[in-house]
Amino acid sequence: MLETPEKVRELQRKLYRKAKQEKGYRFYLLYGKLYRMDILSHAYRLVRANKGAPGIDGETFEQIEERGGAERYLEEIAGELKRKDYKPQAVRRVYIPKATGGKRPLGIPVIKDRVVQMAMKIVIEPIFEADFQNNSYGFRPKRNAHQAVDDVKNHLFGGRTEVIDADISKYFDTIPHDKLMQVVAKRIVDKQILRLIKMWLKAPIVEEREDGKKEYKRNDKGTPQGGVISPLLANIYLNVLDTLWAVKRVQERLGARLVRYADDSVILCRGNTGRILKGIKRVLNDLGLTLNEEKTCVVDAHQENFTFLGFTIGMRRSRRTGRLYPHIEPSKKAQQQVRSEVKRLTTEQYSAVPTEVVIRKVNEVVRGWVGYFRYGNCTKALVTLKRYLVSDANISTSETPLSEFSIQGISGQILLQFLRPVRSSNQGSLGESPRMKMIGKPYPGKPNVRFDEGELEIGHIATTPALYSTVSVNQDLFKGIQAFSQKTLVLPST
């Protein structure tokens, strides 16, 4: 995790304190902060650490640094911002598969736009953080998905077991620009800041057709998933709902707790679910948003389970004490997704891929999944995953040598047991495979999600889009995970 320079941190503290002390204060003279070299340098480092695929111009970090270096590049950006002739480029749109079927659109800005957006985020995020409510957990500093699930668990313990599982239909794609800008302008009156945000929102979308030609489309609503500033803008807009919930004292009057992670929300109630759901629909309608009627439902946690942030949650009775408790485990869909991904990586289509690359990808998938889902009542799921890796995927987890085998058409290499063995009659033994070696804990992940050449990256953990969308990886990864050395595989210990 990159440390924020002290001068930048001090600026953020001052902005936060001012916003916290004066709820009606509207900030001005912020634009000059964007082209401060310490802020731009920190923004560049953050964007580079996030990696990410190239935008519409195809420019990469390596090309920037080979051409003239990062410092010169940032000086050019600072000059454009000072002269006020900076203009964002079009956003490259790609589609990734959703776990529920269909495809999710992602917008990838060019690196220059990502750097300026990150600088903007560094400056304005503390202002809005002062306004955000404590029921919001997504894409916020020092908050993560596990804290949101903790909140749900605590209120289930408190007797709020009638649950509204609310799903906003295509939230990021349907945010009205004019209403969003009105909400932002309640805190910021710097015209240049507002102009930049509006330009990013209005930046055209570029899609590459099957014939290779590029198609430009207007962007009349929504904030593209994949943009650095998008999660903050999305939180700013839905904070209207959170604030109304607090001001109207819904939790105190009706006993309903709203827990929100970005656009994924659950409301834990003690009755009055119909009245509460009607009120939510009315607020969202005023915001130009709608609930997905097919996915939104009301469940009694004593009778049914519900899914939140990849976990299946419901009330169960303890076999040991006989008391009711909130049972939280990885959802069946999440378990199936990790198995499917391991299977995809270990089929014959990867036989031509270097062994080290395949090992690294499987390690990343398993490490990321265990790091996030090692929470609550996860023992059964982890045992099942280990059994799958050992038996079905045929992966070794012990200090014994991996089985010897070869793959048809490939010889002279040591191949791991998790690659599907296909013996050829004219091929002999390849010799002893390497042993597992412990080299300590893996590094912790970071909570931001980003797109990188067909893969979503969560912190240092890369996964395919089918595995994760907008989830936050817990900072304390599974201590029992084994790291790999040379040609060995990471697996969870149970």
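Which residue follows α3 with a positive phi? Here are a few friendly notes on that and other points.

1. **Ground rules.** This is a predicted model, in which local features need pLDDT of at least 70, side-chain atom pairs count only at pLDDT 80 or more, and totals for chains, interfaces and linings use all residues. Residues are numbered from 1 along each chain as its sequence is written, and side-chain values use heavy atoms, with hydrogens and water left out.

2. **After α3.** To take up the opening question, Lys51 follows α3, and its phi is positive, near 60°. Helices here are DSSP runs of H or I with at least four residues, strands are runs of E with at least two, and both are numbered from the N terminus.

3. **Helix α3 itself.** This helix covers residues 37-49, 13 residues in total, and reaches 18 Å from its first C-alpha to its last. That is close to the 18 Å expected at 1.5 Å a residue (the expected span is 1.5 Å times one less than the number of residues).

4. **The buried side of the story.** Ile39, Leu40, His42, Ala43, Tyr44 and Val47 are buried in α3 (buried means under 20% relative accessible area, exposed over 50%, and partly exposed in between, with a 1.4 Å probe and protein chains only). As a reminder, an α-helix has 3.6 residues a turn, so residues three or four places apart point the same way. The cover over the buried residues of α3 includes α1 (6-21), α2 (31-34), α4 (61-67), α5 (70-83) and α6 (111-129), where contact means heavy atoms within 4.5 Å.

5. **Gln21.** Helix α1 also holds Gln21, which counts as exposed because its relative accessibility is 63%.

6. **The open sheet.** Four strands make an open antiparallel sheet in the order β6-β7-β3-β8 (two strands pair if DSSP finds at least two bridges between them). At the edges are β6 (257-261) and β8 (297-300), each pairing on one side only. From one strand to the next, the twist averages 20°. Helix α11 (230-247) lies across β6 and β7, at about 170° to β6; axes are lines fitted to C-alpha atoms, for helices over the stretch in contact, and angles run from 0 to 180 degrees between N-to-C directions.

7. **β3, β7 and the cysteines.** Strands β3 (162-167) and β7 (264-269) pair in the antiparallel sense over six bridges, with Glu162 bridging to Cys269 in β7. Cys269 counts as buried because its relative accessibility is 0%, and Cys378 counts as buried at 9%. The structure holds zero disulfides (pairs of cysteine sulfur atoms within 2.5 Å).
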